[in-house]
Every structure is written in structure tokens, then in C-alpha cells.
Amino acid sequence: MISGKSPTQAAVMGIVVGLVISPWRASTRINWVDLIGVMQETLTNTLPIVAAVASAGIVIGGF
């Protein structure tokens with residue numbers, strides 16, 4: 001973000017760097033099954049927040 005990137009671009013770049021660096025050590029390697037599990041858990045954990053923010057947007061915006 002210091003270099004003028006948006007927060008979304010910074011997050012995506014951080015994820016990509018993490019995925020590129022993780023295979024360097026055997027203890028930090030992630031396989032496809034673990035990656036899909038992490039993505040599924042992330043979706044499950046963020047879904048209530050997304051629903052709350054969407055509901056607030058509907059109430060404030062009036063459709």
C-alpha cells in the first residue's frame with residue numbers, strides 16, 4: 001500500500017507471494033487438498049460478515 005497499490009491489490013500480491021514462497025520448506029508446503037480446505041474455511045468464516053455488510057447496504061441504500 002505504501003507503493004500506491006490499492007488494499008485489494010496488496011492483499012492479492014501478499015497471497016501470491018505466500019503461495020510462491022511456501023514450497024521452499026517442507027514444513028510450510030501446502031498441497032491442493034489443504035489449499036481447498038483453507039479456502040472453504042475462509043468462505044465459511046467470512047460469509048456472516050458479507051451477509052451483514054450486504055444487509056446494511058440494502059437498508060442504507062434503500063434498494
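Modeller: Keep in mind that this is a predicted model. As for overall form, a compact globule of 63 residues would have a radius of gyration near 11 Å.

Colleague: What percentage of the 63 residues of the protein chain count as buried?

Modeller: A residue counts as buried when its relative accessible area is under 20%. Among the 63 residues of the protein chain, the share that counts as buried is 3%.

Colleague: How many residues of α2 are buried?

Modeller: Helix α2 has 30 residues. This helix is hardly covered, and its count of buried residues is one.

Colleague: Is G57 buried, partly exposed or exposed?

Modeller: G57 belongs to helix α2, which covers residues 32-61. Its relative accessible area is 44%. Buried needs under 20% and exposed needs over 50%, so a value in between is called partly exposed. G57 is therefore partly exposed.

Colleague: Where in α2 does the kink lie?

Modeller: From its first C-alpha to its last, α2 reaches 40 Å, close to the 44 Å expected. The helix has a kink of about 40°, shortly before the proline P48. The kink lies at T46.

Colleague: Which residue caps the N-terminal end of α2?

Modeller: The cap involves a side-chain oxygen that lies 3.3 Å from the backbone nitrogen of V33. The residue that supplies this oxygen, and so caps the N-terminal end of α2 by a pair within 3.5 Å, is N31.

Terms used: Residues numbered from 1 in each chain as written. Predicted model: local features only at pLDDT ≥ 70, side-chain atom pairs only at ≥ 80, totals over all residues. Heavy atoms only, no water. Helix = DSSP H or I, 4+ residues; strand = E, 2+ residues; numbered from the N terminus. Buried < 20%, exposed > 50% of the residue type's maximum accessible area, 1.4 Å probe, protein only. Rg over C-alpha atoms; globule rule 2.2 N^0.38 Å. Expected span 1.5 Å × (residues − 1). Bend = angle between axes of the 7 residues up to and from the residue. Polar contact = N/O pair within 3.5 Å; in protein donor to acceptor, adjacent residues only side chain to side chain.
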